[in-house]
Amino acid sequence: MKALNPVEFIKGLYGIIDGKVHLPESQKENPVLQVLLRRRSVRKFKKEDIPEDVFRVILEAARVAPCAINLQSWVLGIYNQDTWKKTFGRSIPFDAPRAVMVMGDIHRTRGVINEISHYPLVEYTLAVMNASIAAYAMNIAAESCGVASVMLSETGKSGFYDAKYLKKKLNLPDGVFPILTIVFGFPKGKPLAMPPKLPIEEITFSEKYKETDRDTMKEWLNQMIAGYRAWRITDSFQNQVKRYVERAGAAEENLNRLVFYNPEE
Ligand SMILES: Cc1cc2nc3c(=O)[nH]c(=O)nc-3n(C[C@H](O)[C@H](O)[C@H](O)COP(=O)(O)O)c2cc1C
């Protein structure tokens, strides 16, 4: 990934500012769509805590989320600043007042249904799908209550799927594996501009798969690089990808051990 020249940088920023959410006239007053389309990842929070009943209804949204075979193959670690500090020895990322660690849980159902465990990749994929949908339900429920959030690959320690560390720290049984952490709070300041989203025509096809045009992808990448630089002058999108890749090997190994263990051993 190469750095941008000044013209590409300006064009990239302009592309971001130009990106709009499309809400048809007939749905302008639709409150659900308004919530869904205005949600953005927020990384600056007020100190103010979330009222207990509001936090509870966010969890309720996860509880009733749709899931394959109604397996509910997730478990949520819920934290406030005190319990997070006690557990992980530091503050919740971005100093948010609440955090929910979303984990896949195939341990619980294995107590009563063992058959799926013969197909560990399928079982794992189902759990990830189910847990991710529950996570998004929490994001949207929160947003509808005026509570902002951001999903993080962060899992308590250094920021990227520290599955082995968490297994020990939280006494996770085999079959319980971290997926992501969502931090919640009331937003401070204005949200950032929407990061570049591909047009509907590029993320859909009818009849047969359609390649996304390379120039469109290059434009998207330039917007990502320009937006990241404008957001954090001392960092870059290239560095962020590098940080992910550096940790991916350890994450992969840990997940492998957690997911593809032999329950008979
Ligand atoms: C599984 C997942 C992991 C993410 N991890 C991080 C993260 O570690 N740090 C971060 O700042 N944002 C993280 N995000 C938020 C994305 O960066 C964000 O959703 C994306 O840039 C799109 O922006 P938007 O949510 O405002 O539409 C993550 C999102 C998802 C769904």
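Below is a short chat about the predicted model shown above.

Me: Before we dig in, what kind of model is this, and how are residues numbered?
Reply: It's a predicted model, where local features need pLDDT of at least 70, side-chain atom pairs count only at pLDDT 80 or more, and totals for chains, interfaces and linings use all residues. Residues are numbered from 1 along each chain as its sequence is written.

Me: OK, which domains does the protein have?
Reply: The assignment gives domain 1 (1-18 + 193-234) and domain 2 (41-191 + 248-265); such bounds come from an automatic or database domain assignment.

Me: How far apart are their centres?
Reply: The C-alpha centres of domain 1 and domain 2 are 29 Å apart.

Me: Now the sheet. What's the strand order?
Reply: It's an open sheet of four strands in the order 1-2-4-3, with antiparallel pairing. Strands here are DSSP runs (E, at least two residues), helices are runs of H or I (at least four), and both are numbered from the N terminus. Two strands pair if DSSP finds at least two bridges between them.

Me: Which strands are at the edges?
Reply: Strand 1 (74-80) and strand 3, each of which pairs on one side only.

Me: And how many bridges join strand 2 and strand 4?
Reply: Eight, with strand 2 (residues 98-105) and strand 4 (residues 176-185) running antiparallel. V100 sits opposite I182 in strand 4.

Me: Which helix packs on the sheet?
Reply: Helix 6 (residues 120-144), which touches strand 1, strand 2, strand 3 and strand 4. Contact means C-beta atoms, placed from the backbone, within 7 Å.

Me: Switching topic: how do helix 1 and helix 9 pack?
Reply: Helix 1 (residues 6-18) and helix 9 (residues 214-231) pack at about 95 degrees, with axes 8 Å apart. Axes are lines fitted to C-alpha atoms, for helices over the stretch in contact, and angles run from 0 to 180 degrees between N-to-C directions. So helix 1 is roughly perpendicular to helix 9 (65 to 115 degrees counts as that; under 35 is roughly parallel, over 145 roughly antiparallel, the rest oblique).

Me: Last one: which residues are around the ligand?
Reply: R40, S41, R43, V150, M151, L152, S153, E154, L180 and P195; near means a C-beta atom, placed from the backbone, within 6 Å. Strand 3 (residues 148-152) gives the largest share of that shell, three residues.

Terms used
Contact = placed C-beta atoms within 7 Å.
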